[in-house]
Amino acid sequence: MKFFFHVGRYFTLLGRAFSRPEKHRIYLRRLFIELEQLGLDSVGIVAIISIFMGGIITLQVAYNMSSPLFPSYLIGLGNRDTLILEFSSTILALIMAGKIGSNITSEIGSMRVTEQIDSLEIMGINSASFLIMPKTLAVVFIFPFLFVLSVFFGLIGGLIVGPAVGAVTAPDYINGIQYMFTSYYVTFSMIKTLFFGFLVATVPAYFGYFVEGGAFEVGAASTRAVVNTNILILVFDLILTQLLF
Amino acid sequence: MITIQNIFKSFENKQVLSNISTVFEPGKTNLIIGRSGSGKTVLLKSIVGLHDVDEGTIFYDDRNFTQMNEKLRKKLRQEMGMVFQGGALFDSFNVEENVRFPLDMFTNKTAKEKQERVDFCLDRVNIDKAHKLYPAEISGGMKKRVAIARAIVMNPKYLFCDEPNSGLDPETSLVIDELIHELTVDFEMTTVINTHDMNSVMEIGDKILFISEGVTCWEGDKDKILEAENQKLQEFVFANKTYRQQRDDKIDSKN
């Protein structure tokens, strides 16, 4: 029963969050602020994680396919497809749920416990829309760009690590990442990132918006938000993979 | 004028407010007093619509607030200002932006007009040289004054204050009380204040509603409160040594 209560309340909140803004200009300004705080500020961590993951995937593929039957350029291909299909969409979304999601829950949750949300309501402002809509639009907009950046940096990571440890030569690796490229994989992952972006923004916003108590409860809500967002990302990954392939 | 009639409110089968009725008049500071947990905050939040009441009606002048839809409520709320216990200033905005925010949202004034209004309101609450500071950089008393400035920036007809003196030293409390009273009289607002501070009661209590366990126990003004016969009110008022002394002196002088 509790599950249905949360689902119902989540969709009711979304209904309020995506209603007509009081003043478009103010919401647009909020959108740009959120793009910077939630999107641009995530580029660094995305780059670092992707470079390392690209390097690690390259090593794993190389060590597990060390057979004369497999041409070494397949190491590049393996890294590219792993990054496009799962790492840069799903794994990155899981990481972003931790970074962006906890940020959203703690920000909105703190506003709730310090009565700032009540204050917005008293002014006659739709607090759900004012707080959640710009964040959601910003995250959904920025996620595909983060995905592209992640793939790029992951491929660079493989290019650095593979030849450095002697697992593959640079020309073979570059040949591999161009070999049998399937553009639908990118389309598929782009669709996934849009869904994941929506989840990463709205699920933590839900947990923050309805928090009750003080600082301890805000911390607990952040943890619950990240855990639930991660589970939902994996569930949707499964569903979308089944539907889109 | 705010008229509340037969308000009932419960949370998960726990009755918090029972059959509360009263009238809050314009140009007066109306106080809701009572012990912690008596239902003061729930009553205040029910009056402004942050809690929906189970039964009863609330009228703002002749407008039935309890029967309004969300759209009409939002419109009416533009006539309200509220000062929350902790100030509830937006952390990411500086003092000036906090006060200007309602103007940005609901008016089409020019930047110059907005700035003039913000300066006027901040000046009215004696804030200068702090316009660009953030809430984390100012004192508790200043936060309350900025919150008052934000509450009056739209020229509200109704002002609500939830424990405006909590966490403040006695001197600052007095300044805040006098400020709210002055603004109430000057702008002819209907002001409702939630407090358990007896100094505030004796300073600015034009009308006092004493509630205990969610029930109205006594109504009157500051001139009558020390002589009230109500047992629960006496326990509340004379918990303060100063007022107990005043009462004893009065009894001694009569004898």
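This is a predicted model: local features need pLDDT of at least 70, side-chain atom pairs count only at pLDDT 80 or more; totals for chains, interfaces and linings use all residues.
On the H6(A) side, the contact is formed by A:Leu155, A:Gly158, A:Leu159, A:Gly162 and A:Pro163, and on the H7(A) side by A:Ala170, A:Tyr173 and A:Ile177. Sorted by class, six of these residues are nonpolar, two are polar and none is charged. As for the geometry, the axes of helix H6 (residues 127-164) and helix H7 (residues 170-178) of chain A come within 9 Å and cross at roughly 150°. Angles over 145 degrees count as roughly antiparallel, and H6(A) and H7(A) are therefore roughly antiparallel to each other.

Chain A contains nine helices and zero strands. Its C-alpha trace spans about 70 × 40 × 35 Å along the principal axes. Of the 245 residues in chain A, 44% are buried. Among contacts in this chain between residues at least 6 apart in sequence, 87% join residues at least 24 apart.

Which residues touch the most other members of the largest nonpolar core? They are A:Val200, B:Ala149 and B:Phe160, in a core of 122 residues. H6(A) supplies the largest share of this core, with 15 residues. In soluble globular proteins, nonpolar side chains tend to be buried together. Leaving out residues up to four places away in sequence, A:Val200 touches A:Ala93, A:Met96, A:Ala97, A:Ile100, A:Gly101, A:Val139 and A:Thr229.

Is A:Ile191 buried or partly exposed? With 15 other C-beta atoms within 10 Å, A:Ile191 is partly exposed. Apart from neighbours within four places in sequence, A:Ile191 is in contact with A:Leu240 and A:Leu244. The C-alpha atoms of A:Ile191 and A:Ser42 are separated by 20 Å, the two residues being 149 apart along the chain.

Next, the meeting of the two chains. Here 13 residues of chain A are in contact with 15 residues of chain B. Helix H5 (residues 116-122) of chain A gives the most to the chain A side, namely five residues. By class, that side has four nonpolar, four polar and five charged residues.

Finally, I wish to draw attention to two backbone angles. Most residues other than glycine have a negative phi. A:Glu115, in the loop between helix H4 (73-113) and H5 of chain A, has a positive phi near 65°. A:Glu115 counts as buried because there are 20 C-beta neighbours inside 10 Å, and 20 or more is the requirement. In chain B, the phi of B:Asp61 is likewise positive, at about 55°, although this residue is not a glycine. B:Asp61 lies in the loop between strand E4 (55-60) and strand E5 (63-64) of chain B. With 13 other C-beta atoms within 10 Å, B:Asp61 is partly exposed.

Thank you for your attention.

How values were computed:
Residues are numbered from 1 along each chain as its sequence is written. Chains are lettered from A and ligands numbered from 1 in the order in which they are written. Two residues are in contact if their C-beta atoms, placed from the backbone, lie within 7 Å. Helices (H or I, at least four residues) and strands (E, at least two) are DSSP runs, numbered from the N terminus. Ala, Val, Leu, Ile, Met, Phe, Trp, Tyr, Cys and Pro count as nonpolar, Asp, Glu, Lys and Arg as charged, and the others, Gly among them, as polar. Axes are lines fitted to C-alpha atoms, for helices over the stretch in contact, and angles run from 0 to 180 degrees between N-to-C directions. Angles under 35 degrees count as roughly parallel, over 145 as roughly antiparallel, 65 to 115 as roughly perpendicular and the rest as oblique. A nonpolar core is a set of buried Ala, Val, Leu, Ile, Met, Phe, Trp, Tyr and Cys residues joined through C-beta atoms within 7 Å. A residue is buried if 20 or more other C-beta atoms lie within 10 Å of its own, exposed if 12 or fewer, and partly exposed in between; C-beta atoms are placed from the backbone.
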